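Subject: Structure for you to look at

Hello,

Here is the structure I said I would pass on. Please open it first, then read the notes below with it in view.

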Amino acid sequence: MSTNRPSSRKIYELLIRAGIRLEAHNKTVCTAIMMMYRLLQRNIAREICNYTLATTSLVLAVKHEEDNTIGIRDVVNVIHRILHPNDVPLKIDTQLWEIRRGIAKLEFVVLRELDFDLYFEHPFKAMCMYLDQLRSWMPTEFNAHPVTESCFTVLRDCYVAPEFILDHSAESMAIVVISVVLKGMDISVPHCKEWYKVLHKTITESKLRRLEGDLLRVVYEINLRDR
């Protein structure tokens, strides 16, 4: 794997791309990113190839989130193909087994570095509850548009900026993602303009608008003020 030290965002984007190709659960990908975020703040990120650390983080996340259809070889092959698109796929030979053996050894090193604590309170649970409530209010809109799928995609994309996730509660993140998706699809919640207050009483309209702008700017690099 490449020995260049990439930007942290490039690492997070790599994990998302790998997760998509592997058809991994969004929570698996996001757990791997939060692990990598913590590792990048430690000396280990200066001592070990960051791409190798990212691969190991994804392997550990697959196990932690019980994403059982994905194996170590799958993760190694997919990340290798993303990093080296012009190379032939890794064959089941000495090179692949050496990489797998190295990743397996590094798993314990990473676990120890993270104090064996891989838990993170992702916003997915809060968003599921909010989406279920909204679906009961507007089933026609949910049947006509991929609201739920789009919300999960946008929330996953937010993990290219872990600080943005960490700066806000799981409930606030869920609300802002849903709001951005509904606006993008030009969907209004019927008979409830301030639906977000019903679901999350402490969020205000001004805070929601600010978070919407932050999400578009930080995650998708869209600055509404320039439009």
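Buried area is the accessible area, taken with a 1.4 Å probe, that two parts lose on being put together, summed over both. The model is predicted, so local features need pLDDT of at least 70 and side-chain atom pairs count only at pLDDT 80 or more, while totals for chains, interfaces and linings use all residues. Residues are numbered from 1 along each chain as its sequence is written, and side-chain values use heavy atoms, with hydrogens and water left out.

The two domains

The protein chain is divided into domain 1 (8–114) and domain 2 (123–220); these bounds come from an automatic or database domain assignment. The C-alpha centres of the two domains lie 29 Å apart. How many residues of domain 1 are in contact with domain 2? There are 11 in domain 1, and they meet 11 residues of domain 2, where contact means heavy atoms within 4.5 Å.

The area buried between domain 1 and domain 2 is about 1,100 Å², and carbon and sulfur atoms give 73% of that area. Across this interface the rule finds 0 salt bridges; a salt bridge is a side-chain nitrogen of Lys or Arg within 4 Å of a carboxyl oxygen of Asp or Glu. The count of residue pairs in polar contact between the domains is 2, with both residues at pLDDT 80 or more. A polar contact is a pair of N or O atoms within 3.5 Å; within protein, one must be able to donate a hydrogen and the other to accept it, and residues adjacent in sequence count only if both atoms are side-chain atoms.

On the side of domain 1 that touches domain 2, helix 1 (8–22) and helix 2 (26–39) each supply at least two residues. Helix 2 gives the most to that side, with 6 residues. Helices (H or I, at least four residues) and strands (E, at least two) are DSSP runs, numbered from the N terminus.

Met-34 lies in helix 2. Is Met-34 buried or exposed? Met-34 is buried, with a relative accessible area of 6%. Buried means under 20% relative accessible area, exposed over 50%, and partly exposed in between (1.4 Å probe, protein chains only). Leaving out residues up to four places away in sequence, Met-34 touches Phe-120, His-122, Tyr-159, Pro-162 and Leu-166. Met-34 and Ile-165 are 131 residues apart in sequence, yet 9.7 Å apart in space, C-alpha to C-alpha.

Thr-31 also lies in helix 2 and is buried, with a relative accessible area of 3%.

Salt bridges

The structure holds 12 salt bridges. One of them joins Glu-107 and Lys-63, with the closest N and O atoms 2.8 Å apart. Glu-107 is in helix 6 (residues 94–113) and Lys-63 in helix 4 (residues 50–64), so this pair ties together parts that are 44 residues apart in sequence. Glu-107 is buried at 8% relative accessible area, whereas Lys-63 is partly exposed at 47%.

Helix 13 (residues 205–220) holds Glu-212 and Arg-209, which are 3 residues apart, or about one helical turn. They form a salt bridge with the closest N and O atoms 3.1 Å apart. Glu-212 is buried, with a relative accessible area of 7%, and Arg-209 is partly exposed at 32%.

Asp-214 and Arg-210 lie in helix 13 too, 4 residues apart, and in their salt bridge the closest N and O atoms are 3.8 Å apart. Asp-214 is buried at 17% relative accessible area, and Arg-210 is partly exposed at 44%. Salt bridges that share partners also join Lys-183, Glu-205, Arg-209 and Glu-212 into one network.

Aromatic pairs

The structure holds 3 aromatic pairs. Rings of Phe, Tyr and Trp (its six-membered ring) pair if their centres lie within 6.5 Å; planes under 30 degrees apart count as stacked, over 60 as edge-to-face and the rest as tilted. Phe-124 and Phe-152 form a stacked pair, 5.8 Å centre to centre with 10° between the planes. This pair links distant parts of the chain, 28 residues apart: Phe-124 is in helix 7 (residues 124–137) and Phe-152 in helix 9 (residues 147–157). Both Phe-124 and Phe-152 are buried.

Regards
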